[in-house]
Amino acid sequence: MRDVVTSLCAWIMATSLGSNTYNRQNWEDSDFPILCQTCLGENPYIRMTKEKYGKECKICARPFTVFRWCPGVRMRFKKTEVCQTCSKMKNVCQTCLLDLEYGLPIQVRDTGMSIKDDIPRSDVNKEYYTQNMEREIQNSDSTRPVGMLGKAQNPSDMLLKLARATPYYKRNRPHICSFWVKGECKRGEECPYRHEKPTDPDDPLADQNIKDRYYGINDPVADKLLKRASSMPRLDPPEDKSITTLYIGGLGENVTDSELRNNFYQYGEIRAITLVQRQQCAFIQFATRQGAELAAEKTFNKLIINGCRLAVKWGRSQAAKETDVKDGFDEMGTGLEPVPGLPTTLPPPPALEEEAPANYFNLDPSSSPALMNISLPPPPGLPNPPPSGFGVPMFHPMGPPPPPPMALRPPGHIHYPSQDPQRMGAHAAIRHSD
């Protein structure tokens, strides 16, 4: 009778915690969970409760050790949801099921690394797949992921841009108080739940499934991140294949030519580096277009030198530079500041009237040309020169002085015969003008 009771208890224990477990020895017993920094909390000293075989894994349905803890003050208690085998197969946190390296959903990570999920869905195939993965995990050094994730290529730029570098502790806040939503909560500030307006039930983020997140299908958070990645700025190469120059902006005062060369030589042969300290920028010219495209792809929004994130752009062709300079822009398309003191655009010259008389003396046309009393040398044969003031008048006394002699005029000076008193025929021209 005792043997029957013992067998019955063993059978109940073997089937009560998991309906599809193949034997009791494969149940998981661990000493510490696999958690991300966000779920673990900001407090380095926390207390955890450990319950051996306390719950079924929500993926493989095998009993595993459940850990429960509070990540901080005014935070909700959290616990592990999947076993460590399922966590290691996907390299995710046991609680939030986000990637441990990038902090992103599995669907986003698999899209960025071009990984296709091959985990079976049926119970029997899932058990067989899990056994093989456990064997591979035991034979590995536990320093890198296993399965398809361990064979994946390097991450794409999308993962590096979307990756969360710091923990997001706001995710550990308590749930919304349902009594407060109904207007019946009487605990006030002592209520451990949040007193906030709940999210819209029609919002896709309000409908999340832990299995969909693990398998990377129909994840609303992943869809939101992928849409954000599609709208992020990109650095498209120019159509002109002759452009092999990259513009590096935002350089500090201490960035040197050798530091730029050490960061860019790995992408291709560098023909020249031009460092403009006054504008805190540099131009790096590669020998080939392929090297320039590779450098632009690897350094766009990711180039950091001396703690400063630098801007990487493509250079411009010579024809575009000349056009931009004429239009008031520099070679990178930035508007040039006007120089103070310089005149603006000159007005067009006035229209010339064909019937207007030629004004050779630049006199005011509204006034008659007044003449000045200047004595001319007496003609030969006269005994005495005429007194001052009785000579032939030439110009107004307040007018401009007479033109200098020919010997004192600057070279290339344009004059007319009537303006030279020393030239033959000037006296007759002046009388004729009177």
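**Close-up views of a predicted model**

**View 1. Arg 187 sits in a loop between two helices.** Arg 187 lies in the loop between helix H7 (178–182) and helix H8 (210–215). Helices here are DSSP runs of H or I with at least four residues, strands are E runs of at least two, and both are numbered from the N terminus. This is a predicted model: local features need pLDDT of at least 70, side-chain atom pairs count only at pLDDT 80 or more, and totals for chains, interfaces and linings use all residues. Residues are numbered from 1 along each chain as its sequence is written, and side-chain values use heavy atoms, without hydrogens and water. Buried means under 20%, exposed over 50%, and partly exposed in between (1.4 Å probe, protein chains only). Setting aside neighbours within four places in sequence, Arg 187 is in contact (heavy atoms within 4.5 Å) with Pro 192 and Tyr 193.

**View 2. UniProt annotates residues 171–198 as C3H1-type.** The unreviewed entry lists a "zinc finger region: C3H1-type" at residues 171–198. In the model, the chain over residues 171–198 is 18% helix and 0% strand. The end C-alpha atoms of this stretch are 15 Å apart.

View 3. H4 covers residues 106–113 and H9 covers residues 220–230. Their axes are 8 Å apart, at an angle of about 45°. Axes are lines fitted to C-alpha atoms over the stretch in contact, and angles run from 0 to 180 degrees between N-to-C directions. H4 makes the contact through Gln 107, Val 108 and Thr 111. H9 contributes Ala 222, Asp 223, Leu 225 and Leu 226.

**View 4. Three strands form an open antiparallel sheet.** The order is E1-E2-E3. Strand E1 (48–56) and strand E3 (78–79) are the edge strands, each pairing on one side only. Two strands pair if DSSP finds at least two bridges between them. E2 (residues 63–69) and E3 pair in the antiparallel sense over two bridges. Trp 69 has Lys 78 in E3 as its bridge partner.

**View 5. The whole protein gives the setting.** The protein has 13 helices and nine strands. Of its 434 residues, 29% count as buried.

Methods: UniProt positions are given in the numbering used here, feature names are shortened, and annotations may be inferred rather than shown by experiment.
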